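Biologist: I have a model open and want to learn how to read it. Can we go feature by feature?

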Amino acid sequence: MITVTYEGKTATFDIIVEEPINYSSKTIQSLDFSTVYATQAQAKLVSKPVTVGDFTGNRKDFTIVINGERIPIYISWALSTDFTKGASMGSVVDSHIQDYFFQKNGVDGIMNRTVTAFGFDDTFQISTFQTGSTAAFTLEGADWSYFFDQSSAQGTNDDTSKNRTFTIADGANTVAISLTSKYTTIDQLITLLNNRLRDANIQAQATKVDGQHFQITTTAADVNLVFAGADKNSFFD
């Protein structure tokens with residue numbers, strides 16, 4: 001309240017001061033929001049050691065089955081001695097793969113083939129270009145077990161179960177917060193939050209409460225923050 005006197009007249013006014021609004025986080029149990037990357041993102045099979053260098057009169061056949069495609073692989077000649085047996089055999093398999101897709105769709109078929117092969121030392125591998133659990137192929141035919149211990153392969157997905165996302169809106173702008181890293185201290189998390197709030201022109205800032213809590217505080221009058229997103233409830237009520 002303030003009283004003003006002017007030319008003998010007095011008036012009293014109520015002064016309303018807008019206080020900043022604090023939004024306190026829940027307890028942060030872990031600062032590890034990192035992605036665990038798949039150890040075998042692609043579907044792949046690594047061969048047994050290749051010990052034979054000449055398949056003349058000892059033909060070997062197998063078929064790669066992937067996405068409805070049946071790619072015939074065979075060898076009935078001596079491997080090149082310019083490379084290791086694994087590298088030479090990998091080249092043979094990849095040549096059959098490329099020829100199969102070229103016969104179907106020309107150069108575009110080769111460029112968009114779904115599987116490849118290569119080798120090092122005394123082994124070779126067959127692998128998909130696609131990654132994740134939907135990537136898969138199988139081997140069939142008389143001699144797949146001559147070269148491989150297993151007849152099927154499937155890729156694996158990255159583990160994103162620790163990742164967290166939520167949004168903050170101030171009525172004019174909205175920012176998406178994606179947490180995908182492991183933080184050593186909550187101060188590092190707060191730095192990220194403030195960088196994202198600043199870049200999105202959100203009228204708020206993050207501050208530390210203690211090692212397991214932070215708060216978001218408005219920085220302008222008449223601003224109310226709205227928190228939403230997939231993992232909002234992990235951080236705010």
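Modeller: Start with the loop between helix H3 (186-199) and strand E13 (204-210), where Asn201 lies. Helices (H or I, at least four residues) and strands (E, at least two) are DSSP runs, numbered from the N terminus. This is a predicted model: local features need pLDDT of at least 70, side-chain atom pairs count only at pLDDT 80 or more, and totals for chains, interfaces and linings use all residues. Residues are numbered from 1 along each chain as its sequence is written, and side-chain values use heavy atoms, leaving out hydrogens and water.

Biologist: What is the phi of Asn201?

Modeller: Asn201 has a positive phi of about 60 degrees, although it is not a glycine. Asp222 also has a positive phi, near 60 degrees. Asp222 sits in the loop between strand E14 (213-218) and strand E15 (226-228).

Biologist: Is Asn201 buried or exposed?

Modeller: Here is the rule: buried means under 20% relative accessible area, exposed over 50%, and partly exposed in between (1.4 Å probe, protein chains only). Asn201 has 54% relative accessibility, so it counts as exposed. Asp222 is exposed too, with 66%. Across the protein, 37% of the 237 residues count as buried.

Biologist: How many salt bridges does a search of the whole structure find?

Modeller: General idea: side chains of opposite charge can pair when their charged atoms come close. A salt bridge is a side-chain nitrogen of Lys or Arg within 4 Å of a carboxyl oxygen of Asp or Glu. The search finds 8. One of them joins Asp237 and Lys26, with the closest N and O atoms 3.8 Å apart. That pair links distant parts of the chain, 211 residues apart: Asp237 is in the segment after E15, and Lys26 is in the loop between strand E3 (22-24) and strand E4 (42-46).

Biologist: Which residue forms a salt bridge with Lys162?

Modeller: Asp32 does, with the closest N and O atoms 3.0 Å apart. Lys162 lies in the loop between strand E10 (152-154) and strand E11 (164-169), and Asp32 in the loop between E3 and E4, so the pair ties together parts that are 130 residues apart in sequence. Asp32 is buried at 18%, whereas Lys162 is partly exposed at 34%.

Biologist: What about Arg59 and Asp61?

Modeller: Their side chains meet in a salt bridge, 2.9 Å from N to O. Arg59 is partly exposed at 46%, and Asp61 is partly exposed at 26%.
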